[in-house]
Amino acid sequence: MTDDSDFSRVARYIEDEIGFATSHYNDSYLKRRLSSRMRRTDTSDYDEYYELLVDNPDEAQELLDALSINVTGFFRNPDVWEGIRSVLRTLSAEQNRVHVWSAACADGREPYSLAMLILDDPRIDEEKFRVYGTDINEEALATAQEGVYHSTRTIDIEEQLGFLSNFHAYIDRDDNRFEVTDRVKRLVTFARHDLINDGPKSGFDLVVCRNLFIYIDNEYKRPILKTIAQSIRPEGYLVIGKAETIPPQLKSAFEVLDGRLRIYQRE
């Protein structure tokens, strides 16, 4: 087989036998994640890695985890979070109950960021808010529910949390270990949801789904965003990643509130 056909065989196996929709993702993303697993398993090419996948269920699970978890952080892009703060203040002033959805939330840092911002801002009434975090990755959701994170050589959690006036009110720190407090956890509920294959939710006042679409093939962005749009109540809000765009077919469903920050309002 050629290298491309070997890659295609691996991709078909992942979709048919492991249940991850490789056809929805661009090849460069898939190849990066596969290359990482091939280095870790000391396999030299796609053909050899395919044989490992077929014979080793543990590797299939490791690959699924690698494919479905994305880079995340607390208060990633602080300027966007100032925009989110403004939306949360508006919702707090206008709504009796506010439902916020962090879609494709990875290991939970985004929904916890939302909850901490709600608690930290005196102009936001925490009693009105519930935050929901969903992801396809069960291992990431388990980490999210535990709410424990560690600084590393490349990730400075204290620096990320510096967006807050006093993060110690919401985080118990022990050296490089950071644990979200129960006060924050009480605002957040986690559940598994597949944006590609599961149906829309309903009645959300704000949906935050950042930096998922950069991995998705263009033809599949529209149905995923349609699912998200159908989950937002009229005049509710959507925030996507700064490098992402809403497909032309769906632009009529949203009004642009801040084009630079990618904050939209449902028509």
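Helix 5 (residues 78–94) has a buried set made up of Val 80, Trp 81, Gly 83, Ile 84, Arg 85, Val 87, Leu 88, Leu 91 and Ser 92. Here "buried" means under 20% relative accessible area, "exposed" means over 50%, and "partly exposed" is in between, with a 1.4 Å probe and protein chains only. Helices (H or I, at least four residues) and strands (E, at least two) are DSSP runs, numbered from the N terminus. Keep in mind that this is a predicted model, where local features need pLDDT of at least 70, side-chain atom pairs count only at pLDDT 80 or more, and totals for chains, interfaces and linings use all residues. Residues are numbered from 1 along each chain as its sequence is written, and side-chain values use heavy atoms, with hydrogens and water left out.

What do the buried residues of helix 5 pack against? Their partners are strand 1 (98–102), helix 6 (109–120), strand 2 (129–135), strand 7, strand 8 (232–240) and strand 10 (263–266). A contact like this means heavy atoms within 4.5 Å. The length of helix 5 works out too: its 17 residues should span 24 Å at 1.5 Å a residue, and its end C-alpha atoms are 24 Å apart, which agrees. The expected span is 1.5 Å times one less than the number of residues.

Strand 7 also holds Asp 205. This residue counts as buried because its relative accessibility is 3%. Its side chain makes a polar contact with the side chain of Gln 95 (3.4 Å). A polar contact is a pair of N or O atoms within 3.5 Å; within protein, one must be able to donate a hydrogen and the other to accept it, and residues adjacent in sequence count only if both atoms are side-chain atoms. Not counting residues up to four places away in sequence, Asp 205 touches several others, including Leu 91, Val 98 and Tyr 237.

How do the axes of helix 1 (residues 3–18) and helix 2 cross? They come within 12 Å at roughly 85°, so helix 1 is roughly perpendicular to helix 2. Asp 4, Phe 7, Val 10 and Ile 14 of helix 1 meet Asp 27, Leu 30, Lys 31 and Leu 34 of helix 2. Helix 2 (residues 27–41) and helix 3 (residues 46–55) have axes that come within 11 Å and cross at roughly 75°, so this pair is roughly perpendicular as well. In this second contact, Lys 31, Leu 34, Arg 37, Met 38 and Thr 41 in helix 2 meet Tyr 46, Tyr 49 and Leu 52 in helix 3.

The axes are lines fitted to C-alpha atoms, for helices over the stretch in contact, and angles run from 0 to 180 degrees between N-to-C directions. Angles of 65 to 115 degrees count as roughly perpendicular, under 35 as roughly parallel, over 145 as roughly antiparallel and the rest as oblique.

Here is how the contact residues divide by class:

| Helix 2 with helix 3 | 5 nonpolar | 1 polar | 2 charged |

Ala, Val, Leu, Ile, Met, Phe, Trp, Tyr, Cys and Pro count as nonpolar, Asp, Glu, Lys and Arg as charged, and the others, Gly among them, as polar.

Finally, look at Glu 59 in helix 4 (residues 57–68). Is Glu 59 buried or exposed? With a relative accessible area of 6%, Glu 59 is buried. Its side chain makes a polar contact with the side chain of Tyr 49 (2.5 Å).
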